[in-house]
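Subject: A structure for you to look at

Hi there,

I am passing on a structure that I have been going through. Please open it next to this email and follow along.

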Amino acid sequence: PVGSLPLALDGDGASHGAVAAAMGSGVFAAMLAGLPLGALVDRAGRLPVLKATAFAGVAVLVGLTFVHGAPGGSALLALRSMAFIGFMTAEFAYAGDLASPDRAVSTVATLGMVGTLTYASRPARALAGAARAR
């Protein structure tokens with residue numbers, strides 16, 4: 001649903017500026033929420049935040065299926081980004097906790113590399129799938 005949101009908002013008659021604002025709201029929400037979510041992870045614990053943000057992320061994706069208009073799209077994308085950042089923060093902290101003290105940094109760095117490669121490879125995998133479907 002996230003990738004098709006600009007088309008849906010355009011179909012609802014939103015201006016190009018409103019579509020851009022809706023898509024950018026997630027970036028700003030992620031930047032603003034990072035430190036408070038890190039404090040929440042430290043205070044509430046890694047697993048509770050992992051579970052809560054995973055549930056919130058799924059709920060937001062379901063909500064994006066039904067949203068109409070730029071304000072609703074902006075709000076849900078902001079919530080999606082906050083859930084994503086909260087999940088990643090708790091995930092990295094949990095991985096650091098599981099590693100021995102002398103391997104914590106390399107464990108977190110490896111997790112970050114795997115995540116980055118996964119995100120970077122997604123467009124290529126989507127294009128390959130579309131090419132096979134033809």
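Below is what I found, starting with the overall picture and ending with one residue.

First, how to read it: this is a predicted model, in which local features need pLDDT of at least 70 and side-chain atom pairs count only at pLDDT 80 or more, while totals for chains, interfaces and linings use all residues. Residues are numbered from 1 along each chain as its sequence is written, and side-chain values use heavy atoms, with hydrogens and water left out.

**The overall picture**

The protein has five helices and zero strands; helices (H or I, at least four residues) and strands (E, at least two) are DSSP runs, numbered from the N terminus. The C-alpha trace spans about 55 × 40 × 20 Å along its principal axes. Of the 134 residues, 30% are buried, where buried means under 20% relative accessible area, exposed over 50% and partly exposed in between (1.4 Å probe, protein chains only). If you look at contacts (heavy atoms within 4.5 Å) between residues at least 6 apart in sequence, 68% join residues at least 24 apart.

**The cores**

Which residues make up the largest nonpolar core? There are eleven of them: Leu5, Leu9, Ala14, Val19, Ala22, Val60, Leu64, Val67, Ala70, Leu76 and Leu77. At least two come from each of α1 (5–11), α2 (16–44), α3 (46–66) and α4 (70–98), and α4 gives the largest share, three residues. By a nonpolar core I mean a set of buried Ala, Val, Leu, Ile, Met, Phe, Trp, Tyr and Cys residues joined through side-chain atoms within 4.5 Å. In soluble globular proteins, nonpolar side chains tend to be buried together.

Not counting residues up to four places away in sequence, Leu5 touches Met23, Leu64, Val67, Gly73 and Leu77. Another core, of five residues, lies apart from the largest one and includes Val41, Val49, Leu50 and Ala90.

**A serine to find**

Ser25 sits in helix α2. Is Ser25 buried or exposed? Ser25 counts as buried because its relative accessibility is 14%. Its side chain reaches the backbone oxygen of Ala22 at 2.7 Å. Leaving aside residues up to four places away in sequence, Ser25 touches Ser74, Leu77 and Ala78.

Enjoy exploring!

How values were computed
Polar contact = N/O pair within 3.5 Å; in protein donor to acceptor, adjacent residues only side chain to side chain.
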